[in-house]
Structure formats: C-alpha cells, structure tokens
Amino acid sequence: MKNQDHKELNYFEYWTRRNFLKAAGVWAGAGILQPLFPLIGAGKSIAAAYPDEVLSIEKYTKGRVKPGMVISKSNAELVKDICTEGLYTELTRGREIKIDTTTLRVEAFTPQPWIEATLRNKGQAVLDNKGQLRSKDGRPWIGGTPFPEAKSALEIMWNQLINFRRYDDEVEPFREVVIDGSGTILRRVAGYFVTIYTNARTAVDPRPIVPAYKDELYRVGLTFVEPFDVYGLSIVTTGFYDAAKDIELTGYIPNLRRVRRLPSTQRFEPPGPYNVYYSSDISLHNDPILSWNWKLIETKPMLLPSPVNVGAFAPGATEKDFVFPYAENQKYPRTTWELRPEVVVVEGASDLPGNPYSRKRLYYDVITSRAVCAETWDKQGKLFKFMTYFFGSFEYAGGKANAEAGLSFANVQTDTHSNIWIFPEIGGVKFALNVGTKTEDWFTDRAMISRARR
Amino acid sequence: MRQAKVLLCEVLVLLILIAVHSIAWGQNYTVGPFEITGFYQFTVDTPTEHANPNNSACLSFIVGPFKCSPGLQKKGGKPDLLLMRQLLDLNIFGKFNENWSVTLEPRFFFDMTKIADNHFRQYESLPDRFPGNGWMLRGGGNDFKAEMWQAYADYRSGNWWVRAGKQQIAWGEAIALRVLDTVNPLELSQNLAFDRAFEEFDRVRIPQWFLRADYTIPNESIPDLTAEFILNPGIVVPTILPPQGSPLNVVPAFLKVRNQVKQGEPTVGGRITGTVEPVQFSLNFVTKPNDDAIGVFRNAMVPPAAPFGNCLVGAFPGIPPKTPCLILNGHHPRIYIVGGSANYNWTWAGAILRAETTVTTNAPFSSNTAGTPVKIVDRPVWKTVLAVDRPTYVIPGLDSMSISLSFFETFTGGKLAGITDASGSKVDQAVHVITVFLKQPLFEKRISLEFLGYFDTDDAHWLQPGVHWEVGDHVRLDLFYNKFGGAEKRGTRFGSNLNFVNGPFFRFTYGF
C-alpha cells in the first residue's frame, strides 16, 4: 500500500533529495516507496514501489505525452528531458517512436529462472577487495542478479555483465544491415551467434557452474554466412570470470582452413567493413569490467525500449509497425518506448590502448537490473554512438522467450546505423534458448573446424 | 578471331553476373538443405621485366646452355600477360541435421592467356598429367577446365568428428610457410603461389581424398585434448607445376620430367592438440609420398634422334632439332615428418607468439655425378618458424595495423656435396628467411593496404604490396605487385630467378 505522504510529495523535489542521499553514500537502492524485490518475489507488479508520476508518462509529462502517441521530429521536444541525448538527436533527424504504458512486471523482460535465482540468492553476493564477484562462501557467483539493490557503480556493472541476456545458452541467427545517413545500404551481413555461460548458470545443468570451464564466464561464437567473402568465418570470444583478465579470441579462418588464436587488442575497431560498432560495444560493454573505471551519475525516470519490440518474431509485422520490424531500408526502424521509473546513469572511462571514447554511459533500469541503452562520447566530448538492445517477450519454436530480438548501433556523428535483427532461422541454424549447448560442440577448435561451412 | 572470342567470353560473363545478381541479392541462394555461395573472379597478371628464361633455356653439347628464342614461346620477347583468367568458384554447403553436413566446391576456369596474348603456343592450363589423375575430378581442354575441387561429408557426434572425402587439411601456426602445412600438395600451374598473400594457399592447396577423424579425449586436465587421425588410402597427387611453354614455367626447356607417381602409396598421419594454459599446442606426424618430383637421369636425346630431336619437336613445330633434351624420371619417395607447434597469448604485449617445427627424417635429394642426377639420397631436414602477431596503432586516427613477423630456418643435415633439391639447385646447410606481413585498414575497413615481404638472408626477396577494396556486399577489387629480386638465383629460393614474374596483377571479384 502506498504511503499517502509520498503521494503528496512534489516528485522533483523528492528526486533531488534522493540524489543528495546517493551522493552522500546512503543510497538505498531499488524502489522509492518500498523495496522492490519483495514485490517481485511475491509475483506482484512493481506499481506499489513507485509514485504514480513515474509509472505513467501521461502524469509525468502532465498530459503532454500519452501512451499510443507517436513521437517524431515535430514533437520531439515533449520527451527531451526523459530521453538519452542520442535518442533525442535521432528523433530530431526523423526517427519515429511510439509511446507505450510502463511495463510493471519484470517477467516481461527477464526469464523466470533468472528471476527465481535472483530472489533465492539475494544477499549472497560480495565484491572482494579487488572488485571481483564472489558468493559469501568465497565461490564464484551462483546465479541471478548478484546485487538487486546495487549500491555502487561496480555492483551495477556486475549485474549488467554477469550474464547480459540471462540465459545459460543461446543460439541466435541474425541479419545486420548497415545503412548510412542518406539511407543507402552499405553492407548486409548474416550469420548466427551461439553463447554459453559456464558460471552463474540458472536453468541448465550443470548448475551453477560447468566444472571443466570454471575459470571462464562465457564463450560466444559468431559465424558469418553473408557476405560471400566472410562465409564460414567463425570467431569465438572467451570471457573469463576474472574481471581483470582480458578476453581471448580464436577464429576459424576459411582462407587458412584452420583455427587460429587471434590477438584481442583490436577491441576499438569495427569487426568488419562499415560496421558501426566496435568489439568493445557488443552487449553494450564487452571489455573486462575492471578494465574500466565506473561511477554513478544520477538516477531518474527515462524512456527505454518496451518489451513489444520483438522484431522478426512479431507475426505479420510490417515496416509501419512499431516493433523494430525487419526493414532493411529504414535507417530508423520503428520502435516502441516507455517510461521506466528508475534508471541509474552509470558512466565509465578507460585508458585501454586505442580507446576513442572519453566516456561511456549505460542507462541501467533498476527494475530489470540491466541497461539496454548506452552512449559514448569521443575525445572531444561530442556524442559519438548511441546503442540500443531490444529485449522482449515472444513465441518461437521452442516456446516462449524473454530475450533479445534486435539491436541497433548508431554513429550519431555520421548518422550511420548497424541494425541487427534476430531471426527464427538462418542457414539451417535455429533460434534456441537454454537447450544444453556444450562448449565441446561449438567452441573448441575441433568443433569450429567440424562446423565449417567452407 | 581472337578478339571475337574474348568479346564472347565477356558477354557470357556478364549474362552470368546478371543471372546471379537477380537470384541472390543480399541473401544466399538455397536449394533444399543446400546453401550456395561463391564468386566470379577475373584476373589479369602482367609481367614488367622480361620473358620467362625457362621457356628459352636450351642446351647444346657444344656450347652448353644457351638462350634459344622464341624457344617454347610462339613469339620471342616479353609476353603481354602472365595470366588472364576467369574463375567461377562455388561453395555448396548442405546441413542435414546436427550430425551431418556436406560441402562441395566446384570450380570452373577459363584461362584466356593464350587467346589474348599471341606470344604463347597452345599449352594445357591446369594440367593433371600423371597416372591416377582421374581422382582429381578435373576435366576440360587447354583453356577451359572444370573440377570438383572439394567434396566431403562431415559427421559429428559427441566427442567424435569425422570428415571423409576430397578435402584440404591445414596444420600448423605458420602462414605462407610450409612447415607443418604439408599434408596436401600444391597446384602451382596458374599463378605459382604468388596470388594475394592474405589468401595463403587456399586456392592452391590440392584437396585429396582423406578420411579425417577427430576424437576429444575426456580428461580432467586438458578439456580440449583431441587426437586426430588422417588417412589417404593411396590416391596420390604430386605438386602440379605450370606446363612448359606457359608464362610461369619453372622447368628449363631442355628438360623433360616424367612424373613417376605411384598410386597406392598412402598418406597416414595424426596429431594431438590441446591447451595447457596459456599455451595451445600440437604434436604431429605424417608419412606420405614426397610432393615434389625428385629428378633422376633417364636418358638424353641428342640430335638427330628419332622420333624426336628434342623433347618438344612434334608438340611445338618449328623448334629446330639441334638442342639436346635431357629426360629425368621424377620420383616421389616416401617421407616421414614429425613436428609440433605452439602458440602463446602474450597479453602484456598484446601479441600472439607462435612456434612451429618439423623434422623430415629422410627428405629426398638428387645425388649428382658430373652434374647429372643419378640417384636419390635422403637427408634429415629440420624446419623451424618463430612468429609474432601484434596489431599496432601506427597511424593516428586509423584502425590498428596487423603486423606479423616470422623467422624461418631450414637446416639440412648430413653431407651436402653433390646433392641437389627438386629444382636441381645446390642445397645449403642452413637457409634463413624473415617474413613480414602488414595490413592497414582504411576507411572503416573498406580498403586495406597490404604488404608481404619475404627476405632470404642469402640475398633473395619477394615483395608484394597491394590494395584490397571492398565495394558493397558483392564487389572486391585487388591490385597487387609481385617483385622478386636479389643475387640468389637458385630454383627453390625466391630470388631473381623468379623476376620474370615481376609485375602487377589485378582482380575483379563478384561474390554472391
């Protein structure tokens, strides 16, 4: 039940006071009116944890913005103070988004095993004096969001990166279109990526750890089937549980007909011609957590993507629908956004060699314990990239998913986009989640050669 | 007539491109479970120095070696072309289920060199004249050839992987240096191995009929410990050299080598691979017939000799029958190779260190008496490569430059007096080569500047600068230059003996 006193409170005055409390180091974490996670644990909506003003965009904007409205160039000013700078810039350039009501249930974004593990293991996570994540008994983390009521930027980043997609394994066929500022398609790419998490597993045995790979956190294998000269090229990235240890790369190079260990220092370069994103940008942040310095900036309500953006999984969707439809000729595929009541802005900086970014910001949704938007600025302090991941609820051959349906990387300075859609199937490889993928079947040298398409 | 043929070819190519474009814009072409990709490529390679001296290398018992022009060419002088060729290379991949897949790679060649350049007589492009050549699945005439380059099936189940069929097997860490990567012979007849260095031996490593079986051995310590076994039951393919009279011929005109390829000689080998952090390693063994033909004198044909005065009278009318011909039998004795490789991720330096070594216990050489190879002897040969890959930001504001450096030593043991290698050259006890490969992407990786430098410390070098341009999804343009030089002239060294290859080559590639 909501506290009547808070309902009377001037909301903005309240936020100012919360920011002060945060800066003083006594920020209490999730929820405003009451703790959030007991509500989630009880299977209730999060409405009781927040005042109406931040659960309803109509109330928050005093009636100027309503669910169902389309925001475009002509009325972008209406949402300027709840947008990221990148989203606002794109709205002024012609992007159109639809406004939806705020999703009150975390299950719309996050698979159930992850939520259950979070609730079960709440309070068990600690950071050691080097910033490494452990369970209280000293073992690696046992699954779920480690710090549901995060108190520091580093805790937020562990929440973000312990398992960005919240599934123990995934197979995700994809299509990418790179489109420039004038709307010309520069490049089409297709392939699939396969991911396995070998620590903090929540749904597929062995849990929570695969003993043979206990020092790793994940392996991601990216295989290309288009264009023709990268057909069969396969790159496996191994991320380690040690958040200070650099990733490792191996690749099956079709021209060489063998698997080869590759240097992993080219993180601030596009992986292929025309790509907008760098290797470092994948999953919004693909570098070891402790190789960057993180700090909290502020907390506020913001527009973030709605879970209806299911892209190629939206049955019958056309280019006109606001679901991130597969629309290769559109620089800004139409999407739906909603007001998220509590978004923490986390900022990072790093001296890694070749880093072109002066800073990076992730917009962390406290309720989902995950950021799905990020921005970077160049060394001159100008906005450089705007990155968005679209997670949603959709049906697929294997059942129901609360998973990634698409992603978009924008170079705001050149207005070039890499838009990427996840597909049900490409090249005989089907979308799958938590199917018991094994490292030996996909990610070892033998596996890579045996699956080679060329 | 010649120009009309060229024009007809171009029209045919254009029609194919239009058909492919209309079918496959943006997405692979599929037929049932099969996915078809590939490319069409047009290559022009032109020499800048002089005619190939091998084609005019004659021998007189009176004056010794001399230049006989036009020799094996139809017209004397520097030719206009080393290669003008159209190539259609298809990759057909069929995935039937999680366990089974099939890969086919047919290739179609149209060598237009002889059509476009009247310096040359008719010779067979992409020859395969040796006993048992049927298994190469190659057919056609002098200019046009079709072949099934690769054709194999893969089976995966649990810890097992088996690949059976016509396949390439590439081992080792070293790139463009054949240390462990010697399972398959090389097809050198079109452009030797001097195409774009970044493509290494992919287009010339001859797929052979192999059974390849891998098993990942369950154990506590090394999760990826894998044993591999390879077997070619005896379908032997030798190194395929350019035919005599062709622009890239490497056999002097006065020599004829009768390749004694013995079918039924198996290739057997295996390796163990794994990772013991932070090192990945392999231990390798293979035994096979030697790829290169080792020459042993058979007979000399001195004029006048019936039916031929020299090797090529009859095949090339007009060559005067006053030059003797030496005929050699080219043998492929069995060799045994053991070796290994390792790589190390030197994270502090942002580099990968690589090492590779082999010992061929009985590498074959010719033993010479009075300058004539009379028998085959064997010597142990030890090869070692040390290499480092280190992407480096060289030019501010640009992507990093890929830099690969390697040091390659070949050590031949035993007595070397009077012995020669497959090219008929004297053998040094130690040969040292340093290679450097640079690749600098520009314009968001749309263009890359590439450079290969191969430096033999006995004063031989091969330089290959070039540019690769990716235009959209389908078009690739390459412009490269080969430069051989140095005082070293022996056959197996990349010195000025190869300077007839010097010159630019251009490739237009359309992929789908």
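The model is a predicted one, and every value below is computed from it. Chain B has 2 helices and 26 strands, and its radius of gyration is 24 Å, close to the 24 Å that the globule rule gives for 512 residues, so chain B is as compact as a globular protein of that length. In the contact between the chains, 36 residues come from chain A and 49 residues from chain B.

**Chain B overall**

- The C-alpha trace of chain B spans about 75 × 60 × 50 Å along its principal axes, and 44% of the 512 residues of this chain count as buried.
- Among the contacts in chain B with a separation of 6 or more, 64% are accounted for by residues 24 or more positions apart.

**The contact between the chains**

- The contact takes 36 residues from chain A and 49 residues from chain B, and on the side of chain A that touches chain B at least two residues each are supplied by β6 (185-197), β7 (216-226), β10 (258-262) and α10 (445-450) of chain A.
- With 3 residues, α10(A) gives the most to that side of chain A.
- Sorted by class, the side of chain A that touches chain B holds 15 charged, 12 nonpolar and 9 polar residues.

**Nonpolar cores**

- In soluble globular proteins, nonpolar side chains tend to be buried together.
- The largest nonpolar core has 139 residues, of which A:M157, A:L303, A:V346, A:Y363 and A:Y364 touch the most other members.
- Not counting residues up to four places away in sequence, A:Y363 touches A:T84, A:M302, A:L304, A:V343, A:V345, A:A371, A:C373 and A:A374.
- Another core, of 43 residues, lies apart from the largest one, and its members include B:F109, B:A174, B:F198 and B:L248.

- Helix α6 of chain A covers residues 85-93, and its buried residues include A:G86, A:L87, A:Y88, A:E90 and A:L91.
- These buried residues of α6(A) pack against β1 (70-71), β11 (293-305), β14 (370-378), β15 (383-396) and β16 (399-411) of chain A.
- After α6(A) comes A:G94, which has a positive phi, near 130 degrees.
- Helix α5 of chain A, residues 57-60, contains A:K59, a residue that is partly exposed because 14 other C-beta atoms lie within 10 Å.
- Leaving aside neighbours within four places in sequence, A:K59 is in contact with A:D52 and A:E53.

**A three-stranded sheet in chain B**

- Strands of a sheet pair through backbone hydrogen bonds, either parallel or antiparallel.
- Chain B contains an open sheet of 3 strands with mixed pairing, in the order β12-β16-β15.
- The edge strands of this sheet are β12 (255-260) and β15 (294-301) of chain B, each of which pairs on one side only, and the twist averages 25 degrees from one strand to the next.
- Strand β16(B), residues 325-331, pairs with β15(B) in the antiparallel sense over 7 bridges, and B:C325 in β16(B) is the bridge partner of B:M301.

**Cis peptide bonds**

- In chain A, the peptide bond from A:E226 to A:P227 is cis, with omega near -5 degrees, and A:P227 has its place in the loop between β7 and β8 (234-240) of that chain.
- In chain B, the peptide bond from B:E277 to B:P278 is cis, with omega near 5 degrees, and B:P278 is found in the loop between β13 (267-276) and β14 (279-289) of that chain.

**Positive phi outside glycine**

- B:A370 is a residue other than glycine whose phi is positive, near 50 degrees, and this residue lies in the loop between β18 (351-369) and β19 (372-389) of chain B.
- B:A370 counts as exposed because 6 other C-beta atoms lie within 10 Å, where the cut-off for an exposed residue is 12 or fewer.
- B:F443, although not a glycine, has a positive phi of about 50 degrees, and is found in the loop between β22 (430-442) and β23 (447-456) of chain B.
- B:F443 counts as partly exposed because 13 C-beta neighbours lie inside 10 Å.

Terms used:
Residues are numbered from 1 along each chain as its sequence is written. Chains are lettered from A and ligands numbered from 1 in the order in which they are written. This is a predicted model: local features need pLDDT of at least 70, side-chain atom pairs count only at pLDDT 80 or more; totals for chains, interfaces and linings use all residues. Two residues are in contact if their C-beta atoms, placed from the backbone, lie within 7 Å. Helices (H or I, at least four residues) and strands (E, at least two) are DSSP runs, numbered from the N terminus. Ala, Val, Leu, Ile, Met, Phe, Trp, Tyr, Cys and Pro count as nonpolar, Asp, Glu, Lys and Arg as charged, and the others, Gly among them, as polar. A residue is buried if 20 or more other C-beta atoms lie within 10 Å of its own, exposed if 12 or fewer, and partly exposed in between; C-beta atoms are placed from the backbone. A nonpolar core is a set of buried Ala, Val, Leu, Ile, Met, Phe, Trp, Tyr and Cys residues joined through C-beta atoms within 7 Å. Two strands pair if DSSP finds at least two bridges between them. Axes are lines fitted to C-alpha atoms, for helices over the stretch in contact, and angles run from 0 to 180 degrees between N-to-C directions. The radius of gyration is taken over C-alpha atoms; the globule rule is 2.2 Å times the number of residues to the power 0.38.
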